[in-house]
Amino acid sequence: MSVNVVLAQAYPSRIAAIEAIAVYPDTAGGDELRARAEDVLSAAQLFGSATAAQDWQAFAFSLKILGLLADWSEAVHNAAVDADRFLRAGRLQYRTFAADANHSAYELALVAALAPINDDLDVSSVPALRSAVAQREMPVAIFGSKKRNFEPLTADGVSVKSEEIAVAFLEFMIDGKPADTVHNLSTGQVHDLDLTIRVSRWPEYAERLVIEPMSIEPPSTWDFPSFEFLKPHGPLPYVFQRQGRMALHASQGFNARPLEFRYSAEFQPQPKYDEAIVLAGQRTLRLDGTDTSRHPLTGYSELDMKIIQLREKLRLEPLISEAHVRDLLTLLTPVANLMGQSVQDKRYPKQIDEAMFQADFQSFLRSNTVIGSELEVQGEIAGGKVDLSFRGIKIELKSERSKRLLPDDCKKFAEQAASYAVGAGNRIALLCVLDCSPKTTPPFPVADGLTIITIESGTSPVYVVSCLFQGGLARPSDLSR
């Protein structure tokens with residue numbers, strides 16, 4: 001029996017699968033999870049006859065079950081005919097999986113994580129099942145074992161070599177920086193795309209390896225390079241580096257999901273024997289083409305950038321719906337503009353109480369045509385009175401008149417806002433704090449006052465977006481005396 005180090009080749013497929021079920025629950029649907037499952041199955045083959053292969057196959061099987069649950073969830077929300085057929089299929093596959101008598105410890109953990117599917121499952125529980133599978137610890141296996149088999153003979157008595165899987169590990173850099181999970185890319189400009197690829201083996205009959213982009217995005221909106229590598233010489237593994245040019249030709253709407261591009265690999269010409277190549281690593285590029293220079297959000301570029309950052313963070317939270325994120329952003333855009341005015345125009349020069357702050361804040365939001373009559377005032381919730389509400393997003397207002405506040409100081413108000421959110425069946429709330437205490441120091445950058453505060457409820461987090469307004473500002477000339 002021979003051994004081969006396969007951790008670096010196999011593990012990226014697991015990382016990508018975990019991201020799909022835990023980090024991108026809104027975008028990773030059934031088709032995506034089944035694609036991730038196939039990648040994990042291909043990685044399982046790298047372990048050969050090692051016991052780790054069984055764990056990887058079990059993980060792939062659980063991904064397929066979660067893929068059916070994703071189809072079920074989508075069908076239910078879209079009122080599709082016979083949506084429960086996906087749930088029934090997932091339940092049957094789970095029972096087949098659970099019935100195996102030779103489970104490893106990891107497989108038993110997966111069986112336990114997916115057990116609710118065998119009961120009266122509610123569609124709202126699907127994210128929790130995905131999270132449960134993602135949190136199960138898989139033993140780290142480093143080596144793969146290859147069985148010694150007699151090689152088949154051709155008609156001429158020549159042995160036919162059993163071919164292995166080739167693994168290509170990709171890494172991308174954009175304009176000299178590693179590609180982010182969601183990478184912001186300005187539109188209408190040409191950018192550098194650097195590719196580093198490590199290939200574990202090269203088929204005997206292949207002359208070149210071609211890496212090509214694929215996407216469901218309209219072809220007229222993007223231009224990405226293909227990469228071609230000729231058959232190399234020397235010891236394995238082979239490492240290649242290449243640079244190309246990329247461009248997005250159209251910006252995307254502020255509420256649109258990130259653009260997604262995936263690279264595929266193929267040996268050319270097709271080799272004599274069936275060859276498989278597994279792409280691992282950063283094979284998918286998720287790009288945000290929101291152009292705030294052409295379509296500003298708040299009128300303050302630094303605040304626009306901060307809102308986009310907060311948007312991506314909230315989108316990655318599996319328990320926050322996309323609809324709630326959109327409603328929060330609709331509200332946050334004018335609120336951030338008011339934060340900018342509070343410093344630029346010294347909107348709150350004197351000490352005012354919470355009632356006066358609410359009156360001004362309410363009047364400002366009411367004048368926004370997107371918000372208008374949908375802004376509700378003084379609703380009863382969770383045994384208290386919430387100041388304002390917009391499409392279910394609760395808004396808590398505070399005024400501090402005695403001491404200067406910094407962004408971290410807003411945390412002491414966040415639990416109240418979180419309580420209102422939970423009372424309304426939501427996981428996000430907006431906290432707006434006015435610091436109108438007399439100042440003897442210059443203001444801090446306005447964008448620093450826009451933060452996300454995570455409140456741990458004991459079972460799952462609640463997110464409070466905090467906006468700190470700076471009032472009571474000193475005249476710049478007074479600071480130099």
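A residue counts as buried when its relative accessible area is under 20%. Arg 311 has a relative accessible area of 0%, so Arg 311 is buried. The model in which this value was computed is a predicted one.

Side chains of opposite charge can pair when their charged atoms come close. Arg 311 takes part in such a pair: its side chain meets that of Asp 288 in a salt bridge, with 2.6 Å from N to O.

An α-helix has 3.6 residues a turn, so residues three or four places apart point the same way. Arg 315 has a relative accessible area of 3% and is therefore buried. For Glu 312 the relative accessible area is 12%, so this residue is buried as well. Through shared partners, salt bridges join Asp 288, Arg 311, Glu 312, Arg 315 and Glu 322 into one network.

The structure has 17 salt bridges. One of them is formed by the side chains of Glu 32 and Arg 36, with an N to O distance of 2.8 Å. Both residues are in helix H2 (residues 30-46), where they stand 4 residues apart, about one turn of the helix. Glu 32 and Arg 36 are both buried.

Helix H3 (residues 52-77) shows how the length of a helix can be checked. At 1.5 Å a residue, its 26 residues should span 38 Å, and the C-alpha atoms at its ends are 38 Å apart, so the two values agree. Helix H3 is mostly covered, with 19 of its 26 residues buried. After the helix comes Ala 79, which has a positive phi, near 55°.

Most residues other than glycine have a negative phi, and most peptide bonds are trans. Further exceptions occur in loops. Asp 175 is not a glycine, yet its phi is positive, about 55°. Asp 175 sits in the loop between strand S3 (165-174) and strand S4 (177-178). Its relative accessibility is 40%, so Asp 175 counts as partly exposed. Lys 346 also has a positive phi, near 50°, and is found in the loop between helix H8 (322-344) and helix H9 (354-366). With a relative accessible area of 31%, Lys 346 is partly exposed. As for the peptide bonds, the one from Gln 268 to Pro 269 is cis, with omega near -15°. Pro 269 lies in the loop that runs between strand S11 (259-268) and strand S12 (276-281).

Aromatic rings form another kind of pair. A pair of aromatic rings is described by the distance of the centres and the angle of the planes. The whole structure contains 14 aromatic pairs. Among them is the tilted pair of Phe 227 and Tyr 263, with 6.2 Å centre to centre and 45° between the planes. Phe 227 is in strand S9 (residues 227-230) and Tyr 263 in strand S11, so the pair ties together parts that are 36 residues apart in sequence. Phe 227 counts as buried because its relative accessibility is 3%, and Tyr 263 counts as buried at 1%.

Phe 361 and Phe 469 form an edge-to-face pair, 6.3 Å centre to centre and with 85° between the planes. This pair links distant parts of the chain: Phe 361 is in helix H9 and Phe 469 in strand S19 (residues 461-470), 108 residues apart. Phe 361 has a relative accessible area of 0% and is buried; the value for Phe 469 is 0%, and Phe 469 is buried. Elsewhere, ring pairs link Trp 202, Phe 229, Tyr 238, Phe 240 and Phe 267 into a cluster.

A last point is the confidence of the prediction. The pLDDT averages 82 over the chain, and 85% of the residues score at least 70. Over residues 1-5 the pLDDT stays under 50. The pLDDT is also below 50 over residues 147-163, a stretch that has 16 contacts in the model beyond near neighbours in sequence.

Methods: Residues are numbered from 1 along each chain as its sequence is written. This is a predicted model: local features need pLDDT of at least 70, side-chain atom pairs count only at pLDDT 80 or more; totals for chains, interfaces and linings use all residues. Side-chain values use heavy atoms; hydrogens and water are left out. Helices (H or I, at least four residues) and strands (E, at least two) are DSSP runs, numbered from the N terminus. Buried means under 20% relative accessible area, exposed over 50%, partly exposed in between (1.4 Å probe, protein chains only). The expected span of a helix is 1.5 Å times one less than its number of residues. Rings of Phe, Tyr and Trp (its six-membered ring) pair if their centres lie within 6.5 Å; planes under 30 degrees apart count as stacked, over 60 as edge-to-face and the rest as tilted. pLDDT is the predictor's confidence in each residue, from 0 to 100. Contact means heavy atoms within 4.5 Å. A salt bridge is a side-chain nitrogen of Lys or Arg within 4 Å of a carboxyl oxygen of Asp or Glu.
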